[in-house]
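Please read these notes with the model open beside them. They are numbered so that each can be checked on its own.

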Amino acid sequence: MTDSNTGQVAARTEGMPGIVSDWSSDQRAFKNVPWGKAMMWIFLLSDTFIFSIFLLSYMTVRMSTTIPWPYPSDIFALSFGGEPIPLILIAIMTFILITSSGTMVLAVNYGYRKDRVKTAILLLITAAFGATFVGMQAFEWTKLIVEEGVRPWTNPFGAPQFGSVFFMITGFHGFHVSVGVLFLIIIARKVWRGDYDVGRRGFFTSRKGNYEIVETMGLYWHFVDLVWVFIFAFFYLW
Amino acid sequence: MAHAEAHVEGQQHPLGIYFKIWALLFVLSTLSYLVDYYNFEGYLRWTLILLFMFMKAGLIISVFMHMLWERLALVYAIALPTIALMVFVFLMTNEADNTFLLRGIYFLGLGGS
């Protein structure tokens, strides 16, 4: 095994003794990951808590309301000329996000192969899918706000908490996707320009980057997909 | 888990595994959508939703986010704090049940008097 930062080769113990020795080594605890990746994981853990608290508050209001909860299957149905298909919009959004996760993972892979062009193109495709997702979410919000009259304090379907929970959870997730799209484009530009091949310094940190940044970006993007898995299950399907 | 594979640089794995997991995620998403489409209800619905959800989440974290190949020191540092969330779920289900009962008594007059 080679440390990605130091280049040192060392045999490391595995299993439980490995955890103890990693954490008690009086050095960094996360041995073979670059610091940026470790920090991204810790950020994602904190983000997990934020989204979990949103979903928990949703669970609490839904369990404690005495008015029936609106049925998402009908609310998010769309008809393409014929009978309305239940939840189809959300299903399409789910598939779009999963597709973007796939292109992201390919981008990470080609990044480590230092295939500049393929990495940049795949990052841009991922960003395009992400933007499509946000676009469909905007469509969904518009439909609910303008046509159905859903507000954070009231809605025509049932329990009034539905609106606040919906706007808060999907809004926060959509914000995450939007930020992700922005950073995907920034990183794609850097990859395309060859910043990570020539060690060009970043405009903000003045540090030299490398292709591990693509993987760190990938962690964030997969996390956004991961959160959607939970939102899809608990908010739309439950 | 967490094999000390020869990482020349970062997480490099054959493309095949990504395509397989990608396909599997599509299948699982379709299945979870079909749970709604075919209107399964009650415990069957909830069990299936949770099953597909955890399978998808597990695949994304372990393969796409490479947790399968990370050292246990990192895996545990990220995974263990989420146990606190399970405790929180337990606390809030109790709290919600309590609120529901109180609302039943005071809003709907189920408490008599």
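1. A:Ser178 counts as partly exposed, because it has 16 C-beta neighbours inside 10 Å. A residue would need 20 or more such neighbours to be called buried, and 12 or fewer to be called exposed. Keep in mind from the start that this is a predicted model.

2. Where does A:Ser178 lie? A:Ser178 belongs to helix 6 of chain A. Between A:Ser178 and A:Gly130 there are 7.4 Å in space, C-alpha to C-alpha, although the two are 48 residues apart in sequence.

3. Chain A as a whole has eight helices and zero strands. Read from the N terminus on, its elements are α-α-α-α-α-α-α-α. The C-alpha trace of chain A spans about 65 × 40 × 30 Å along its principal axes. Of the 238 residues in chain A, 38% are buried. Among contacts in chain A with a separation of 6 or more, 67% come from residues 24 or more positions apart.

4. The domain assignment divides chain A into domain 1 (1-32) and domain 2 (34-237). Taken over C-alpha atoms, the centres of domain 1 and domain 2 of chain A are separated by 33 Å.

5. Helix 2 of chain A covers residues 35-64, which is 30 residues. From its first C-alpha to its last, helix 2 of chain A reaches 43 Å, close to the 44 Å expected at 1.5 Å a residue. Which residues of helix 2 of chain A are buried? They are A:Lys37, A:Met40, A:Trp41, A:Leu44, A:Phe54, A:Leu55, A:Tyr58 and A:Thr60. The buried residues of this helix pack against helix 6 (161-193) and helix 8 (212-237) of chain A, and also against helix 3 and helix 4 of chain B.

6. Chain B has four helices and zero strands, and its elements run α-α-α-α from the N terminus on. Buried residues account for 19% of the 113 residues in chain B. In chain B, 61% of the contacts with a separation of 6 or more are between residues 24 or more positions apart.

7. One pair of helices can be followed across the two chains. Helix 4 (residues 88-112) of chain A packs with helix 1 of chain B at an angle of about 170 degrees, and their axes are 10 Å apart. Helix 4 of chain A and helix 1 of chain B are therefore roughly antiparallel to each other, as angles over 145 degrees count as roughly antiparallel. From helix 4 of chain A, the residues in this contact include A:Phe95, A:Ile98, A:Val105 and A:Leu106. From helix 1 of chain B, they include B:Tyr18, B:Trp22, B:Leu25 and B:Phe26. The residues of this contact of helix 4 of chain A with helix 1 of chain B are 11 nonpolar, four polar and no charged.

Methods:
Residues are numbered from 1 along each chain as its sequence is written. Chains are lettered from A and ligands numbered from 1 in the order in which they are written. This is a predicted model: local features need pLDDT of at least 70, side-chain atom pairs count only at pLDDT 80 or more; totals for chains, interfaces and linings use all residues. Domain bounds come from an automatic or database domain assignment. Two residues are in contact if their C-beta atoms, placed from the backbone, lie within 7 Å. The expected span of a helix is 1.5 Å times one less than its number of residues. Axes are lines fitted to C-alpha atoms, for helices over the stretch in contact, and angles run from 0 to 180 degrees between N-to-C directions. Angles under 35 degrees count as roughly parallel, over 145 as roughly antiparallel, 65 to 115 as roughly perpendicular and the rest as oblique. Ala, Val, Leu, Ile, Met, Phe, Trp, Tyr, Cys and Pro count as nonpolar, Asp, Glu, Lys and Arg as charged, and the others, Gly among them, as polar.
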